[in-house]
Amino acid sequence: MSSSSENIYPALTVFDLDACLWDQEMYEMPAMPSRPIEGDLNGRGAGVKGAMSGPYKISLHAGSLVALQEHHDGLYPGMKVALASSADTPKAEKIGRAALRILEVVPGVTVWDVLMRDWDGVDVNQIGRQPPLSSNKARSHFPRIRELTQIRYDEMLFFDDCNWGDHCRMVSDGCKEENGEGVVSVRTPYGLREAEWREGLQTYKEKLLARRQQKAEL
């Protein structure tokens with residue numbers, strides 16, 4: 001799949017989960033999330049803004065909710081979203097997948113609903129580090145996403161907190177196309193904030209336009 005010549009948005013935006021898309025580390029959660037916590041979804045009405053795992057509340061970061069709402073609203077033509085998370089244990093993966101089915105983007109629409117809408121119900125998300133995945137997203141998660149989606153690395157934007165390893169650098173350096181261009185990555189050490197969401201879109205746009213200009217000059 002390739003974005004059109006006029007499109008300035010990524011064909012695929014990939015989010016890490018723990019401490020990036022949401023505020024908790026799944027390996028620290030003691031139980032499957034169950035009790036939903038309602039709250040205001042950025043003025044869009046009351047919806048599920050949190051999911052309790054024992055005494056801990058799992059919530060989307062502010063920028064994550066903005067990003068997913070804007071994507072849900074179709075503000076970025078041609079863009080799809082997916083997840084790349086190296087959740088530490090099978091239990092952590094299960095807790096994370098359960099939370100995705102509870103937390104809402106707009107009232108009545110969960111994060112999982114948005115993900116599945118993009119791919120006609122096919123799960124292209126890479127969550128965990130059990131084989132064939134590993135702790136190295138550049139060697140396992142992204143090649144699998146590339147294969148499943150048929151979207152080029154240089155049409156991808158990636159957000160990761162990088163607090164336990166520089167996944168952004170590893171993915172940008174290790175996942176490139178034949179033209180030498182690869183994934184545009186943005187670190188979110190304090191979780192995905194709206195400013196970093198805007199930064200990622202702008203950085204991707206600038207790199208894309210620079211490539212087009214170089215191509216036009218050949």
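The largest nonpolar core of this structure has 44 residues, and Phe15, Trp22 and Trp197 are those with the most contacts inside it; a nonpolar core here is a set of buried Ala, Val, Leu, Ile, Met, Phe, Trp, Tyr and Cys residues joined through side-chain atoms within 4.5 Å. Helix α3 (residues 111-118) supplies the largest share of this core, 5 residues, where helices (H or I, at least four residues) and strands (E, at least two) are DSSP runs numbered from the N terminus. A second, separate core of 19 residues includes Trp119, Ala138, Phe142 and Cys168. In soluble globular proteins, nonpolar side chains tend to be buried together.

The model is a predicted one, in which local features need pLDDT of at least 70 and side-chain atom pairs count only at pLDDT 80 or more, while totals for chains, interfaces and linings use all residues. Residues are numbered from 1 along each chain as its sequence is written, and side-chain values use heavy atoms, with hydrogens and water left out.

Tryptophan 22 can be followed through its contacts, a contact meaning heavy atoms within 4.5 Å. Not counting residues up to four places away in sequence, tryptophan 22 touches Leu17, Ile58, Ser59, Leu60, His61, Gly96, Ala99, Leu100 and Leu103. Alanine 82, in turn, has its place in strand β5 (residues 80-85) and is buried, with a relative accessible area of 0%; buried means under 20% relative accessible area, exposed over 50%, and partly exposed in between (1.4 Å probe, protein chains only). Leaving aside neighbours within four places in sequence, alanine 82 is in contact with Leu12, Thr13, Val14, Phe15, Leu115, Val124 and Asn125. Between the C-alpha atoms of alanine 82 and leucine 60, which are 22 residues apart along the chain, the separation is 15 Å.

Aspartate 16 is buried at a relative accessible area of 5%, and lysine 137 is buried at 1%.

Another salt bridge, between aspartate 173 and arginine 169, has an N to O distance of 3.7 Å, and both residues lie in helix α5 (residues 167-174), 4 residues apart, about one turn of the helix. Aspartate 173 is partly exposed, with a relative accessible area of 48%, and arginine 169 is partly exposed as well, with 44%. Elsewhere, salt bridges that share partners join Arg146, Arg152, Asp154, Glu177 and Glu178 into one network. Within this group, the side chains of arginine 152 and aspartate 154 meet at 2.9 Å, N to O; arginine 152 counts as partly exposed at 21% relative accessibility, whereas aspartate 154 counts as buried at 4%.

Finally, there is a pocket to consider. The lining of the second largest pocket has 19 residues, of which Ser86, Asp88, Arg129, Trp164 and His167 lie nearest its centre. A pocket is defined on a 1 Å grid over the protein atoms alone, as an open set of points where a 1.4 Å probe fits, with protein on both sides within 12 Å along at least five of seven lines, and lining residues have an atom within 4 Å of a point.

Notes. A salt bridge is a side-chain nitrogen of Lys or Arg within 4 Å of a carboxyl oxygen of Asp or Glu.
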